[in-house]
Each structure stands twice: as C-alpha cells, then as structure tokens.
Amino acid sequence: MHIPGTRIIETPVALSSQPASPATPSPAAPAGKDASLYQFFAPGGVLSGTHPAYEFRRGQLQMAQAVEQALEENRHLIVEAGTGTGKTLAYLLPVIRSGKRVIISTGTKNLQEQLFNKDIPFLEQALFGGTERKLSVCYMKGRNNYLCRKKLYDLTDQPVLNGLQEIEQYSAIAAWEKTTQTGDRAELAELPEASMLWHKLDARSDACIGQKCSQWERCFITEMHRRAMESDIIIVNHHLFFADLAIKQAAGGAPDAGILPEVGAVVFDEAHELEDIAGNYFGISVSNLRVEELARDVESSLQHHRMLSASLSGALGSLRERCQFFFSLLPPGEGRFAFETRREFLEENGDEFLAFNQSLTRLAGELENLPQKPEEIFNFVRRAQEIQVQLGFAMESDDRNTVFWIEHRAGRGRTNLPQRHRVTEKTKKSDLASGGEVGRQNVFLQATPIDVGPILRECLWSKLDCAVLTSATLAVGGGFEYIRQRLGIEHARESVLPSHFNYESQALFYVPPDLPDPRTPQFAAKASERIRKLLEITRGRAFVLFTSYAQMNEIYQRLLGELEFPLLKQGDAPKSALLDEFRLTPNVVLFATSSFWQGVDVQGEQLSCVIIDRLPFAVPSDPVVAARVKAIDADGGNAFFQYQVPAAVITLKQGFGRLIRSLHDRGLLCLLDNRILKKQYGRVFVESLPNYKKTTEMNVVERWFKVGS
C-alpha cells in the first residue's frame, strides 16, 4: 500500500533540470552505492551516466565534500551555494551515504516537494538501481495541515455549519476522510485556503488530548509521528522545525514533547530565513482572537456534551466581555508598534487587567469543577492558564532580551502600510479562518526575543552533532560574520562556492545615476517614467519589485494605461495564480512586494528583467528592528553596518536572484536607488552581489537587448 507522505522509493523520478535516463553509467565508474563523491559528480561518473543533460558543476562537488566531512567529523557547516550549483543533490548524497537519521528543513513548501518527489527518488535509483535496498523518507507539515478525525466525528454527531458553502465543504471532507491515507488537506484541491470549516476540523495541538483520544490509533498525526520514527530522512519546513523545538524547550525536554524524532544532524536549506522564524516561535502572542477561539471551543464542547450550565455560560460571557474591553484599552495605532508604556498602562488600567485575568481564572475553575468531565476539558483549562501566564509576561516582564509590541490587524481589506508594518496575505487568512470579524480590528500583544542567538546556541547548536546551513544568500561581503552573530552559531566551517553561471555575460546590472533619493516625494514620478522606458526596451517580461505596498500601488497606478503590456499586481489574485498567469502571458509585467522576492522560479525569456525600487532596508520604526538596533548600539557595536546593511544585502541578493535561473537565461537587473553608488555602505552591496556586467547608461541597456535578440 502506498501512503503519500512517506516513501519506500521504487521508481526513478526525473529532476526537472536533469531528466533521469535508463542509460548505463560509464564503465570506468563504480556502481552508484560504491562510488566516491568525486566518482559520482565528476565527468564520466555516475551522474553523467544517468543525466543526458549532465554538466560538471565544481561547486556541487565541493559542497558535497564539505557536507560529508561535516557529517563525519560532527562539525557545523555554513555554505553559500548560488543558484545553479545543484545544492540539493550536494547535501542529499552525503546524507544518504552517512547512514544517519537526518532532518532536512526547508524555507518553502515547493522545495519540500522537490526533495520528496524528485531529488530523493532520482538519487535512490542512481545509487541502488533495481536492488532491494530502499530509503525510508518522511515528508512532514505543520499539524494544521492535517484532519482531526475526532473533530470531524463530533461535528457529524452535532453539525454546526454556517451556510451552503460550509455544508458543501463538510460533505467533501467527510467523503475524503473515508479514503485518505494521510489526512493532508493538500489532497483537497478544491478546498479554499481560508476555509473557516477546515479551521474547526484541523489537528492543531490546542485541542489535542493525545493518547486519551478515542481516535488516537487512527490519528493522522500519530501515523505521521510513527513514520518519522521509522524514517532515515525527515523533510520538514522551518516553521514546523522551530515550532517543535519551542514546544520541547517549554516542556523541559520531556521525552513525549513535540512531534519530530531526535536526530544528530539537521540540514537547513534556505537558512537565511532562520532568525525571523525562530524569533516568532520563541516569542509569545496573546490576542482577542485567541481568547475568542478558546471561548468558542469551550462553548461548542459543552453544548456537544450537554454540560453548558448557567454558571459556565456566565463565565464565558464574562471572559468575552472583559477580553474585548481590555484589548480595546490598549494604545491605538497602525500596524506594528512598540508597547513602551506598559507600566503607565497598568497604573491606569490595572483593574481592567485584573478583571480579565480573573475571568480566565473563573472559567478554568468552573471547568475543573465539572463532574465526570470529558478529556478535552482538561485541555481547555490548560489553554486558559497558558493565556494567563503569557498575558502576565507580555504585560509585566522586564526581560532585557525581549521586545514588547502591539499589532493591529484588520479583519479584512488591504492596508497600504510598508512591508514590516503591513498585514500579510497569510496573517489575514489566518485571522479570518480563526474567526476574525470582518471590519473589526484584531489586537495582538506580542513579545519577541531581540537576539535569538543565545537561545539557539543553548537549545539547538549545542545539542546537534552536525548542522548544515545553506542558501544562495548567506554571505555578506564574502563572509559569514553576520549570519554567525545573528544565529549564535560558533565553531562552524564556512564555504562560499563559485557560481555555475557566467553572470558577466548573462546579466546586466543597471543603476540610474540621475534619479532622486527614493525617500523623497519626487521619486515616484521619476521612477515611474524610468520603469516605463526600461519596460519598452525589454518588451515587458518583467518583475517590478517593491519594498512597500504603498510604493507598489502608486507606481502601478501611474503606469496603468501608459504601457502596452499586460500588467499584473500582487493582491489581485493568489500568488500561485499570478505566477501561472505570468508564465503563460506574453510580455507580461508583474508588480509585487516581499513575497515575490524569494522562492519564485521563472526560467527562460518570459522573465528577462527584474526592477527593484530601493535598497530593501527593514523599516527602522518596526519594533523588532528598532529593538535589535538599540541592543547592538548599546553593546558598543554599530547596528547600521552590523545588522541593517547585512540584512538588506541578503534581501537584495534574494530579489535579484529571481532573474538568472539557468545557464540559458539572460536579462536586465535594475536598482532605482543610486545610494548604492553614492553612499559609503553601497560598496558592501556591490561586493556582495555576483559579478554582473554593470552600467549607469541607458544606451548600454538598449544595446544589451539588441544583442540578446
């Protein structure tokens, strides 16, 4: 029986860039499983015999050798491998050869799927051919991707559905549950991403009662955990990895905490994302939505079990009322901002804070006093107490390594705030799916570590025998000091690998020297005119990437009707739909912000130009950024050069990395921000970028495209 999500690999699956072939390896090369790394990757080796489109990539072999050495010697490794290196094969082969159980953590779902569905099946065939030896590989996602059977059956007994759409979705999910082997919602292609019904049925840990559940043995999470325990390679994403790590840390290392098995080695691909993701999971967030969700779950369960007494109804009503009142008193503002007046707030509103706390205590007490209570009641008590503890920390803690801040998110509707101040598509969908009311401001009290380095050093790097951190964008100015400091990783070997691409002949990097500073009011009009001229030269076929929604919308509106090419804009359709339309529409131009700066792959002439509006410095007023800047400066450092410039360098490298995705790609990179030429720090950006051909002249851009055509 084949179970999607785990694999005993039996058939070869072609890599998109290097199709598998039945061709036999060169007679000079040993059989795959006996070949050294050199004999596998080198000309005339195993790889050349299984890929008609094979090309020797020196960086790929060097990376594989570095990863194998790190695994053998139990050392950490940081390695930058540019696009085209073939880094997934370069770390997978040593992982397979090591015989160790290894977690591979990625930044994107697309990379997870590539590893599971393409790269690992290909390598298994190349190494073991038709022999009986098989690899056991498990592909894991976050719990909210999986169906909870108990919730589905409880809803079947007492359906509480809102409208025709939920009824239709429920029927589809109930039918699917009878046949699915994994419970993974990805199998339900027609289910909307923001389905409120799915949120009532998913396997989030909040409502999980573990081994006491009647469906424990048939639980999809239990089955996923079993598969992981039996697997050689476990493929996860960074969110699941750090959520699991935070749970284990909070549980003090209890053996049954978390869902990922213990391993000696972890490979972090797309490792440039680790600091922000780790910060989210080692921080806390208390919101009116979270409290409302608890109240709704309690109410639903008590009604289901016919245990909703007048006193419990009163406790729930009091909690809802006091929660809404407390959150309405918090300082107003747009987006994300520091909560620097917590002490003054408590002096003025201490009674309301205590009343909110007491309403949580009252609900927990009423639930604990229920006779013969079902198992989930204990979970509700735990959740109420957890909110109390975290609320107390957010309002009263003086922890020096924590920044306390507030975020306002609208229930629906777009905001034109800058990147670090805006509501993302993801947060909006999660708010709506969590029951956020349309038109209502939802308020989040947040506490985030300022420096995650010491936390990761204690609970991750010191516990692992080997960690491999890799990405196309980790180095700044040719070194790893920035990433080492931010992540707290010490005693790691380091390597920056040569690119497989000839950037000087494939990409022209143009910076207009005459545009005004992008921070001035004159910039938008001048930038729009220059973008129009560039797009006429490139015949569209471009990404125009921005650091804020406001700038994107303004320039899009200025160019609407001015260009003869089809225009797409982020937010007008889901990301995947926009990318599909971009790939299929001749001469199209896409205007987008942060989510299109990375993890997007469009090969060929369809994408021949990437224009970026300005150097992507994080918004300095963002509370987390501001706290990190203040901490570095207070410690005697220079936050601008140690933190703000390096972070912007890595983001810029990610954005420009959208253009050249294969040896045959050719095109234009444009940065409309000439501070890169005029400011002292501009040199750090230039020295960190690949060796593009550079110009400040429009006539050079015109000649580049005439030669290319």
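Me: Let's start with the cut-off: buried means under 20% relative accessible area. This is a predicted model, so what makes Lys248 count as buried?

Reply: Lys248 has 16% relative accessibility. The cut-off is under 20%, so Lys248 counts as buried.

Me: And why is Asp244 called buried?

Reply: Asp244 is at 4% relative accessibility, and that falls under 20%, so buried is the word for Asp244 too.

Me: How do you know that Asp244 forms a salt bridge with Lys248?

Reply: Check the closest N and O atoms: they are 2.8 Å apart. A salt bridge needs a side-chain nitrogen of Lys or Arg within 4 Å of a carboxyl oxygen of Asp or Glu, so the pair qualifies. The two residues sit four apart in helix α10, which means about one helical turn separates them.

Me: What makes Arg382 partly exposed?

Reply: Its relative accessibility is 33%. Arg382 and Glu386 form a salt bridge, with 3.5 Å between the closest N and O atoms, and both belong to helix α15.

Me: Why is the contact between Glu605 and Arg541 called a salt bridge?

Reply: The N to O distance is 3.9 Å, and the limit is within 4 Å, so it counts. Glu605 lies in the loop between β16 and β17 and Arg541 in the loop between α20 and β14, so the pair ties together parts that are 64 residues apart in sequence.

Me: Is Glu605 buried or exposed, and how do you know?

Reply: Exposed: Glu605 has 61% relative accessibility, and the cut-off is over 50%. Arg541, at 17%, counts as buried.

Methods
Residues numbered from 1 in each chain as written. Predicted model: local features only at pLDDT ≥ 70, side-chain atom pairs only at ≥ 80, totals over all residues. Heavy atoms only, no water. Buried < 20%, exposed > 50% of the residue type's maximum accessible area, 1.4 Å probe, protein only.
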